[in-house]
Amino acid sequence: MHLSRLLHNDIKGNNVLLKGVSLDPALIDMGKVTSRSFPEAYKLTASQKERYNRNYPHLAWELRNLYGAKQTIRSDIYSLGYLFQHIGNPSNSFLKQLSKHMMKECPEKRISVPDTLKLFEKSINSKDFVFELHHFINN
């Protein structure tokens, strides 16, 4: 999606479909997709910020808290990190640690997509990951 210069802008558990026998993840609900060239800027009032922080914690911190913040690849990374943080076992080592790097308050300090993919590929065959994916699917 990002290679096509698009931003999803609504990555959350309800918008991920596990398909087929191999349970390949697929993003669904493209209703908030924008072009990376024309991202939406969030200009929230104080009361809207409060509501967004309470009801939409999967949205990147800067979108909920900084007036005029625009959607970016890094805001999608934040949302994916939020999803990873809530998958499976609370003592989850890999996904919990990865999510911390994806959810840093400062977008520039968040892990990049290529680095996320490299780490993910290295750990996908680990026992922890297989156990957590199994736990997530069966709950």
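1. Asparagine 9 is buried, at 4% relative accessibility (buried means under 20% relative accessible area, exposed over 50%, partly exposed in between, with a 1.4 Å probe and protein chains only). Asparagine 9 lies in the loop between S1 and strand S2 (16-19) (strands are DSSP runs of E with at least two residues, helices runs of H or I with at least four, numbered from the N terminus). Its phi is positive, near 70°, although the residue is not a glycine. Most residues other than glycine have a negative phi.

2. This is a predicted model, in which local features need pLDDT of at least 70 and side-chain atom pairs count only at pLDDT 80 or more, while totals for chains, interfaces and linings use all residues. Residues are numbered from 1 along each chain as its sequence is written, and side-chain values use heavy atoms, without hydrogens and water.

3. Arginine 5, in the segment before strand S1 (6-7), also has a positive phi, of about 65°. Arginine 5 is partly exposed, with a relative accessible area of 42%.

4. The whole structure holds three salt bridges (a side-chain nitrogen of Lys or Arg within 4 Å of a carboxyl oxygen of Asp or Glu). One of them joins glutamate 62 and arginine 110 at 2.5 Å, N to O. Glutamate 62 lies in helix H2 and arginine 110 in the loop between helix H4 (94-102) and helix H5 (113-123), so the pair ties together parts 48 residues apart in sequence. Both residues, glutamate 62 and arginine 110, are buried.

5. Arginine 54 and glutamate 50 form another salt bridge, at 3.8 Å, N to O. Both lie in helix H1 (residues 46-55), four residues apart, and are therefore separated by about one helical turn. Arginine 54 and glutamate 50 are exposed.
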